[in-house]
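Dear colleague,

I am handing over the structure below, and my notes on it follow. Please read them with the coordinates open.

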Amino acid sequence: MRILVIEDDSEAAAYLVKALDEMGHVAEHAADGEAGAFMAEEGGFDVLIVDRMLPKRDGLSIIEDMRRRGDHTPVLVLSALGQVDDRVRGLRAGGDDYLTKPYAFTELLARVEALARRNRPADVETTYRVGDLVLDRLSHTVTRADTEIPLQPREFRLLEYLMRNAGQVVTRTMLLENVWDYHFDPQTNVIDVHVSRLRGKIDKGFDKPLLHTVRGAGYMIREAGPDRGGEAAWVRSGG
Amino acid sequence: MGALGRLIRTTAFKLSLVYLVVFSGLTLFLTAYIANNTAQLLDSQVTETIDSEINSLSDQYERGGLRQLVSAVDLRSRRPGASLYLVADSSGRTVVGNVADPPLSILGLSDGDTTSVTYQRLDGDAGRRYDAVVRVFALPGGFKLLVGRDISEIGQLRLLIFGASRYAIIVMVLTGFISWFFIGRSVLKRVENMAETSRRLMSGDLTHRLAIKGSHDEFDNLALSLNEMLDRIEALMTGLQEVSDNIAHDLKTPLNRLRGRLEETLRRGGEVEDYREAITSAMEEADNLIRIFDALLKIARMEAGSSGDSFESLDAADILDEIVELYEPVVEDAGGRLTLETKRPLPLKGNRTLLSQALSNLIDNAIKYGQPEGGKGLSIALTGAFDGEDICLMVTDNGPGIPEADRKKALSRFGRLDEARSRQGSGLGLSLVAAVARLHGGRVVLGDAEPGLKASLHLPKA
């Protein structure tokens with residue numbers, strides 16, 4: 001994936017670019033708003049990571065310009081401002097996701113990858129399939145090995161979100177935001193309990209588990225076990 | 001520009017001037033109107049009198065000829081306050097009457113003409129002429145009868161009215177200026193007092209307040225609301241002071257711990273695995289710091305009343321449903337029970353995220369600190385109900401509760417009770433709940449559920 005990082009803190013940016021490169025992406029860096037806007041206009045990126053407060057030009061105005069041009073490249077907004085209304089403003093300007101500094105690199109990576117997949121056909125598919133697990137979005141049914149698994153509505157939405165991002169790490173915060181629409185950090189790990197219940201329904205009694213915990217990052221649904229959780233667990237950004 | 005210059009620039013002066021001009025104009029108009037109408041009325045009365053005199057005299061003439069007319073005129077002209085009478089022959093010589101030198105032009109008038117003249121009275125001062133309205137009546141043989149009425153009194157009346165209005169205007173202008181001077185001076189004085197107070201406030205003495213005279217006028221009202229504003233500012237400043245004190249205290253402690261741990265690791269050295277472990281624990285500590293910091297910022301912004309989070313119309317029952325749905329499995333896993341009992345709808349204006357977070361904090365607290373002693377199961381009850389004009393969202397547990405003496409402390413910023421200090425968390429959970437309640441115009445009440453803690457969020461109904 002080609003990723004453009006528009007961030008004025010050179011140390012944070014260098015770290016971010018290096019970490020993204022290590023994860024197999026090609027990251028480029030712009031150190032201020034004008035350079036960032038110029039590179040964004042050149043195009044060719046799959047995802048943009050834009051800091052809100054930049055020298056020379058405001059990060060949100062770059063996104064607004066892109067959207068006016070009809071450029072729908074997904075944008076992750078980074079900001080030190082974490083209030084609910086700041087978030088709303090960031091999304092209204094055309095940002096697709098909003099991450100508050102300081103953040104964990106695993107969180108950023110998971111969100112960037114989820115954004116890159118956003119425009120893929122997965123969203124219009126009516127059935128998701130991971131191994132022998134099938135989720136039908138129209139009839140709201142889930143089957144594994146041709147046996148129907150009854151799920152609560154929220155469990156269904158949780159599984160739907162995990163399967164839409166199959167093969168990718170999904171963090172707890174992403175689940176809380178996308179499945180529950182909550183934008184705060186509950187002190188108890190409520191998400192873990194919900195996921196473990198879901199796991200009990202879809203994995204229990206089958207010899208091959210599909211829903212995996214990625215240590216220190218979140219969850220992933222895929223046929224094979226997670227292959228990079230060990231690293232991701234301690235790769236973090238000081239942002 | 002001295003003191004007078006400042007007085008002239010006051011609003012009181014400008015207003016006084018405008019009123020002066022307006023009222024002077026009105027007075028002039030009114031005077032002119034009254035004078036004019038009165039004069040017209042008097043004029044028509046004069047004409048009527050003259051007409052009736054002529055009618056009665058011509059009656060006399062018809063009955064007794066010239067002789068009787070002359071004697072009647074003679075008789076009438078001698079009465080006090082008489083009208084003007086004159087009978088002249090064709091050559092213009094006076095036969096009888098009380099007019100000294102009738103201007104010949106009058107006698108040249110034809111029958112029935114009315115005109116204004118000046119005349120000399122036979123009994124008056126020589127040379128003094130009076131205004132009159134006269135009418136001429138032609139008699140056979142070239143004789144002419146002239147009947148008139150003195151109108152100098154009408155003129156005097158007019159002069160009198162205009163004179164009075166002149167005095168009125170002069171008095172008005174004088175009073176206007178005097179009242180402007182005093183009002184302007186008192187206004188200036190009060191405004192200067194305010195300016196003086198604000199200068200003192202700006203120099204840093206926030207305890208100073210504007211003087212209230214107790215006259216309940218607009219200046220008192222202004223001073224009252226400015227004082228309220230100052231109270232609020234002072235409270236915010238105090239809050240800020242508290243926040244920085246608390247940051248110093250509660251953020252420095254974990255930072256110090258973090259630094260100490262890293263230093264210890266560095267000093268001791270060891271295998272890669274040791275370093276990894278130290279870094280992992282340092283990161284956990286950093287995450288906790290971030291959490292504390294976020295909560296602090298959130299509280300500070302809410303207390304400033306400027307969170308800016310847009311409020312929308314909500315049903316608190318929905319919020320309760322959703323939060324119960326989120327927490328039910330957690331409570332069950334902790335071996336407890338989470339129940340919900342609510343009226344619906346519970347309409348209110350608020351922010352869903354903040355209200356959900358407040359409830360989530362209350363439930364978190366109940367899970368952490370509400371475990372009952374003696375192996376009984378944890379039971380958390382959520383209730384939504386109306387309490388008068390308020391909506392009351394309550395989280396009740398069956399744990400040990402909080403002793404009454406500690407409840408206030410539990411709600412204050414960083415008010416982590418000692419037993420909570422040892423556990424993980426920012427210690428800001430309840431203070432955040434309190435801040436959310438205040439932002440929504442409500443409050444948090446901690447009570448005794450006998451046994452257990454009863455934490456209720458009172459919010460104004462929409």
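A residue is called buried if 20 or more other C-beta atoms lie within 10 Å of its own, exposed if 12 or fewer, and partly exposed in between, with C-beta atoms placed from the backbone. I183(B), which has 16 C-beta neighbours inside 10 Å, therefore counts as partly exposed. This residue belongs to helix α4 (residues 152-202) of chain B, where helices (H or I, at least four residues) and strands (E, at least two) are DSSP runs numbered from the N terminus.

This is a predicted model, in which local features need pLDDT of at least 70 and side-chain atom pairs count only at pLDDT 80 or more, while totals for chains, interfaces and linings use all residues. Residues are numbered from 1 along each chain as its sequence is written, and chains are lettered from A and ligands numbered from 1 in the order in which they are written.

Chain B holds eleven helices and twelve strands, and 27% of its 462 residues count as buried.

In chain A, an open sheet of five strands with parallel pairing (at least two DSSP bridges between two strands) runs in the order β2-β1-β3-β4-β5. Because β2 (26-30) and β5 (97-100) of chain A stand at the edges with a single partner strand each, one side of each is left without a neighbour in the sheet. Within the sheet, β1 (residues 2-6) and β3 (residues 47-51) of chain A are parallel and joined by four bridges, and I3(A) stands opposite V47(A) in β3(A).

Best regards
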